[in-house]
Amino acid sequence: MEELLGRITQKTGLDAATAQRAVGIILAYLRKEGPPDAVNRMLAAMPGSEDVIAQSGDGGPGGLMGGLMGMMGGGGVIALGTKLMGAGVGMHQMEPLGRELFDYGREKAGEDTMGEIVGAIPGLSQFV
């Protein structure tokens, strides 16, 4: 996980704590929204991923925006973006963050596993 976090801080300019929280938020989102078998394979191939998820404190969309999206049936990638912004990730940092995380996932879990995850979550492909 240290290698991934180093790559993300280098590509995005995020500090290490923000990068770790953002990765945890994204992985928690993938666990919730993605195909369970593929996500479990990915997490197993990324040592430390469970700890990063646990430390992210991601319990779902928060604040007024999260509540409004929940009431309107919104969510998905937009809710993920809102969570990331709340964690200190700027809009210009989201794409390089997602690309680096998914490139790392491809290296560790394989293209087939990551392709299955991206293909199952509407709108995710534009960020990875």
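Which helices each supply at least two residues of the lining of the largest pocket?

1. The helices are α6 (76-86) and α7 (91-109). Helices here are DSSP runs of H or I with at least four residues, numbered from the N terminus. The largest share of the lining, 7 residues, comes from α6.

2. The model is a predicted one, in which local features need pLDDT of at least 70 and side-chain atom pairs count only at pLDDT 80 or more, while totals for chains, interfaces and linings use all residues. Residues are numbered from 1 along each chain as its sequence is written, and side-chain values use heavy atoms, with hydrogens and water left out.

3. The largest pocket holds about 210 Å³ of space. A pocket is an open set of points on a 1 Å grid over the protein atoms alone, with protein on both sides within 12 Å along at least five of seven lines, and lining residues have an atom within 4 Å of a point. The volume is the space filled by probe spheres set on the points, which are joined across faces, edges and corners.

4. In total, 15 residues line the largest pocket, and Val-77, Gly-81, Leu-84, Met-94 and Phe-127 lie nearest its centre. By class, 12 of the lining residues are nonpolar, 3 are polar and none is charged. In this scheme Ala, Val, Leu, Ile, Met, Phe, Trp, Tyr, Cys and Pro are nonpolar, Asp, Glu, Lys and Arg are charged, and the others, Gly among them, are polar.

5. Salt bridges number 9, each being a side-chain nitrogen of Lys or Arg within 4 Å of a carboxyl oxygen of Asp or Glu. One of them pairs Arg-7 with Glu-100 at 2.7 Å, N to O. Arg-7 lies in helix α1 (residues 2-12) and Glu-100 in helix α7, so this pair ties together parts that are 93 residues apart in sequence.

6. Arg-7 is buried, at 17% relative accessible area, and Glu-100 is buried too, at 8%. Buried means under 20%, exposed over 50%, and partly exposed in between, with a 1.4 Å probe and protein chains only.

7. Arg-106 has salt bridges to Asp-103, with the closest N and O atoms 3.1 Å apart, and to Glu-111, at 3.2 Å, N to O. Asp-103 and Arg-106 are 3 residues apart in helix α7, which means about one helical turn separates them. Asp-103 is partly exposed at 34%, Arg-106 at 23% and Glu-111 at 48%. Elsewhere, salt bridges that share partners join Glu-3, Arg-7, Glu-100 and Glu-107 into one network.

Note on methods. On a 1 Å grid over the protein atoms alone, a cavity is a set of points where a 1.4 Å probe fits but cannot get out, and a pocket is an open set with protein on both sides within 12 Å along at least five of seven lines; lining residues have an atom within 4 Å of a point.
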